[in-house]
Amino acid sequence: MDRTERFYKIEQLLQERRFATFEQIQQALGVSRATVKRDLQYLRDRLHAPIVYDREHEAYRFDDAVADRELWQLPGLWFNAQELRALLTMDRLLDDLQPGLLSESLGPLRRRLKSLLESGEHSAEDVSRRIRVLPMGARQVEPAHFRVLSTALLSRRRLQLRHFRRRDGDALDREVSPQRLVHYRDNWYLDAWCHKRQALRTFGVDAIESAVVLDKPAKEIADETLDRHFSSGYGIFAGSDTQEAVLLFNATRARWVSREIWHPKQDGKLQLDGSYLLKFPYSREPELVMDILKYGSGVEVLSPPSLRSAVANELEAARRIYRK
């Protein structure tokens, strides 16, 4: 019986009998007294199992004073893919956190996270080393700017931003009312009301060159309006004015794409020839065009004509480069 099995056996004993003496646990496990002591200590100290010694019954039991005792369970075997990814992502984000005001406060959280990642005979370090969550295309954010944005966002004050617009290389000055900070595809974005354009806009936090909190109250936008605006279209470049993209992936690409989520409101259907027809709303084209181009000849844009032309123009420009 390995250690994982012993842990589950101890839990089963305490659940079924309510009280279990040291000798009963040792007999059920078939191990030495020292091993039982180590297992009990590990369960309590590392996995936070609410196991206490009852002097009146001279036996071990679960602590009745712990309100969430029934919710406690051994980690490891019960992780599904989403739970494991979430834990590893939190661990990576905390590991990347620079020393600051939260460092000391987050200590207990990090220790609890590490204990959750423990899986039987495997340490949290071994789990993290063997199961990886890899960021892709993450861009560096100036910590000072992030603190300013967070302060204005939570205190509901306006911001004066200088934002670098990559499309044309211009730097724009904008007064905005911050609404949300969004972590999307390993990068941070600020959803805000732009007082110059009188409309909702999204700013890449890494492209912010300066940020100052203003002594003006931020304009409040209802959550329903924000959800409708930023969730209706494709990706981070969402908007209220949307079109429907219709993409046809060939049979080879369909084996991957048919299992992907491109949009919460997508409609995808496998065709008789094995190809995959995908439809979803989008607002702006730049990010969508980039995603389509990575599939090369494996996808065709059927509509709308503007999106089809945008992809065709990029492919033609690339072809001219490679003809040289």
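**Entry: R166 and its partners**

I began with R166, which is partly exposed at a relative accessible area of 46%. I kept in mind from the start that this is a predicted model. Next I looked for what R166 touches, and found a salt bridge with D206, where the closest N and O atoms are 2.0 Å apart. D206 sits in the loop between strand 6 and strand 7, while R166 sits in the loop between strand 3 and strand 4 (170-184), so this pair ties together parts that are 40 residues apart in sequence. Is D206 buried or exposed? I looked it up: D206 has 18% relative accessibility, and because the cut-off for buried is under 20%, D206 counts as buried. I also noted that R139 joins R166 and D206 in a network of salt bridges.

**Entry: other salt bridges**

How many salt bridges does the count come to? I noted 20. As a reminder to myself, side chains of opposite charge can pair when their charged atoms come close.

I picked out D215 and R157, whose side chains meet at 2.5 Å, N to O. I checked both ends for exposure. D215 is exposed, at 70% relative accessibility, and R157 is partly exposed, at 24%.

Then I turned to D227 and R180, a salt bridge with 3.0 Å from N to O. D227 is in helix 8 (residues 223-231) and R180 in strand 4, and this pair links distant parts of the chain, 47 residues apart. D227 is partly exposed, with a relative accessible area of 37%; R180 is partly exposed too, with 26%.

**Entry: a positive patch**

I went over the surface for charge and found a positive patch formed by R167, K196, R197, R201 and R284. Where is R197 placed? I traced R197 to the loop between strand 5 (187-194) and strand 6 (199-204). Its relative accessible area is 47%, which makes R197 partly exposed.

**Entry: aromatic rings**

I moved on to the aromatic side chains, where the count comes to 8 pairs. One of them is F146 with W188, an edge-to-face pair with 5.1 Å centre to centre and 70° between the planes. F146 lies in helix 7 (residues 143-155) and W188 in strand 5, so the pair ties together parts that are 42 residues apart in sequence. F146 is partly exposed at 23% relative accessibility, and W188 is partly exposed with a relative accessible area of 29%. Which residues form one aromatic cluster? I wrote down F249, W262, F280 and Y295.

**Entry: backbone details**

Last, I followed the backbone. A cis peptide bond joins S303 and P304, with omega at about 0°. I found P304 in the loop between strand 11 (299-303) and helix 11 (305-323).

I also looked at phi angles. R156 is not a glycine, yet its phi is positive, at about 60°; R156 is in the loop between helix 7 and strand 3. D186 is another residue other than glycine with a positive phi, this one near 65°. I located D186 in the loop between strand 4 and strand 5, and noted that D186 counts as partly exposed at 22% relative accessibility.

Methods. Residues numbered from 1 in each chain as written. Predicted model: local features only at pLDDT ≥ 70, side-chain atom pairs only at ≥ 80, totals over all residues. Heavy atoms only, no water. Patch = residues over 30% accessible without salt bridge, like charges linked within 9 Å, V, L, I, M, F, W, Y side chains within 5 Å. Areas by Shrake-Rupley, 256 points an atom, 1.4 Å probe, with all protein chains shown as cover. Salt bridge = Lys/Arg side-chain N within 4 Å of Asp/Glu carboxyl O. Lys, Arg positive; Asp, Glu negative; His and termini not counted. Charge placed at Lys NZ, Arg CZ, Asp CG, Glu CD. Helix = DSSP H or I, 4+ residues; strand = E, 2+ residues; numbered from the N terminus. Buried < 20%, exposed > 50% of the residue type's maximum accessible area, 1.4 Å probe, protein only. Phe/Tyr/Trp six-rings, centres within 6.5 Å; stacked < 30°, edge-to-face > 60°.
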